Amino acid sequence: MKAVLDHVGIAVRDLGAALAFYRDALGLEIEAPEEVATQRVRAHFIHAGESALELLEATAADSPIARYVDKRGPGLHHITLRVDDLAAALDQLKARGAKLIDDQPRPGAEGSLVAFIHPVSAHGVLVELKQAATHAPAARPSEPAPVRATRYALGDLELVSLHDGFFRLDGGGIFGIVPQPLWAPKAPPDSRNRVLLAMRPLVVRGVRTMLIDAGIGGKEADDARFNDLYAVDRSRNLDDTLAEAGLAPDDIDIVLASHLHLDHAGGFTVRDGSGRIRPRFPRARYVVRRGEWEDAMHPNARSRGSYLSNDLQALADAGVLELVSDDQTVMPGVRVRRTGGHTMHHQIAWIESAGRHAVFPADLLPTTAHLPDAWILGFDLYPMDTLAAKAAFAKEAEARDALVFLTHDPHVTAGRIVTDEGKRRFVPQLT
Ligand SMILES: [Zn+2]
Ligand SMILES: [Zn+2]
């Protein structure tokens with residue numbers, strides 16, 4: 001495994017006195033502090049070249065840092081090594097019999113994922129392993145998450161986040177009225193001002209097997225203009241991740257559309273050997289909101305570029321289409337709800353099993369950067385409806401402790417929405 005020294009953690013008793021030394025006497029630059037609620041600690045990072053120092057201040061008497069300082073006094077607490085794939089690193093350590101404090105990654109400071117190794121295995125040093133931040137800070141953009149199938153259990157259901165690769169859209173279209181200096185640190189644009197987006201359809205396995213959305217698909221693979229415009233990267237795609245999930249196209253009983261934009265419904269169809277477009281999932285019925293279908297088949301000047309009407313006609317011709325008009329249960333445990341906003345009939349899927357909840361908000365919350373109220377896709381046809389629907393959705397997701405699947409975030413597959421002091425945060429969950 002490749003690991004680089006990320007930082008050295010120092011437990012402090014008196015933050016003011018510590019700052020008087022590290023900031024004032026040494027003249028080092030200190031970042032704004034960050035709360036790590038799960039550890040009841042406040043972390044103050046100090047830049048030191050490629051690495052950093054981290055001053056750790058307890059925020060409650062039962063914090064592990066408070067106990068450490070009470071027992072041994074302030075001083076060196078841990079070292080942190082940064083790895084690319086924390087889950088793989090933990091597997092490797094377990095296989096070698098290392099004693100771990102955390103055998104699963106958990107949320108750390110600055111949006112990272114962390115796990116601690118016990119000092120008995122690390123020769124007296126507490127070692128923290130860290131996987132880079134999920135929100136890329138301007139200076140340290142993190143690589144997109146790998147294209148793979150990720151499984152989650154939800155009561156009696158299995159949820160598998162699939163992946164259809166990446167594409168890019170203009171930053172203005174992604175962030176609407178938010179000025180570029182505010183969004184660029186969260187989503188660094190390329191030289192053509194385009195922002196990287198993932199496409200993650202979701203499989204729900206219960207009494208039936210359902211696929212929600214299907215990515216952009218491969219029918220435009222030879223269309224140079226299309227690929228240049230959208231920088232489509234499907235070197236690994238839905239076929240690969242379906243296979244990883246142990247599924248063949250024949251296994252899908254229901255395909256559910258959040259809406260019919262090309263990055264969600266392009267993958268509903270394939271081109272066969274004779275060049276004809278046909279349904280990609282031959283046994284499935286395709287459940288689509290009636291209003292969305294009509295808008296997609298009769299687009300206007302503004303919406304036309306977002307739909308592939310020929311593809312959709314192929315579904316109608318094959319007789320696999322099931323148009324629904326109301327919010328309803330599409331299979332046991334999965335209920336659709338119209339949100340509007342992005343398109344007039346955009347819908348999301350709420351999933352429930354054994355009292356546990358998950359939700360696929362599609363383009364109502366495409367990435368973690370879209371959590372704040374005003375961060376709304378410039379593409380949205382009815383942004384004021386998005387504003388209201390997103391606030392209600394976030395409140396409900398938090399109240400239900402729902403696992404939220406992000407269809408377009410290049411770094412984060414799923415996690416939970418939490419509110420701290422009136423500000424929404426996203427806490428990623430690995431599996
Ligand atoms: Zn869309
Ligand atoms: Zn989309």
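**Strand pairing and helix packing in a predicted model**

User: What makes strand E1 and strand E4 a pair, and in which sense do they run?

Analyst: In this predicted model, E1 (residues 3-12) and E4 (residues 51-58) are joined by six bridges in the parallel sense. Strands pair if DSSP finds at least two bridges between them, so E1 and E4 qualify. Ile10 has Leu55 in E4 as its bridge partner, and Val12 stands opposite Glu57 in E4. Strands here are DSSP runs of E with at least two residues, and helices are runs of H or I with at least four, numbered from the N terminus. Residues are numbered from 1 along each chain as its sequence is written. Local features need pLDDT of at least 70, and side-chain atom pairs count only at pLDDT 80 or more, whereas totals for chains, interfaces and linings use all residues.

User: How do E3 and E4 run, parallel or antiparallel?

Analyst: Strand E3 (residues 41-48) runs antiparallel to E4, with eight bridges joining them. Phe45 has Glu54 in E4 as its bridge partner. Two residues lie between E3 and E4 in their hairpin, where Gly49 in the turn has a positive phi of about 65 degrees.

User: Why is one side of strand E2 and of strand E6 left without a neighbour in the sheet?

Analyst: The open sheet has eight strands in the order E2-E3-E4-E1-E5-E8-E7-E6, with mixed pairing. E2 (34-36) and E6 (106-107) stand at its edges, each with a single partner strand, so one side of each lacks a neighbour in the sheet.

User: Which strands does helix H1 lie across?

Analyst: Helix H1 (residues 15-25) lies across E1, E3 and E4, at about 160 degrees to E4. Contact requires C-beta atoms, placed from the backbone, within 7 Å; axes are lines fitted to C-alpha atoms, for helices over the stretch in contact, with angles from 0 to 180 degrees between N-to-C directions.

Definitions and conventions:
Chains are lettered from A and ligands numbered from 1 in the order in which they are written. Two residues are in contact if their C-beta atoms, placed from the backbone, lie within 7 Å.
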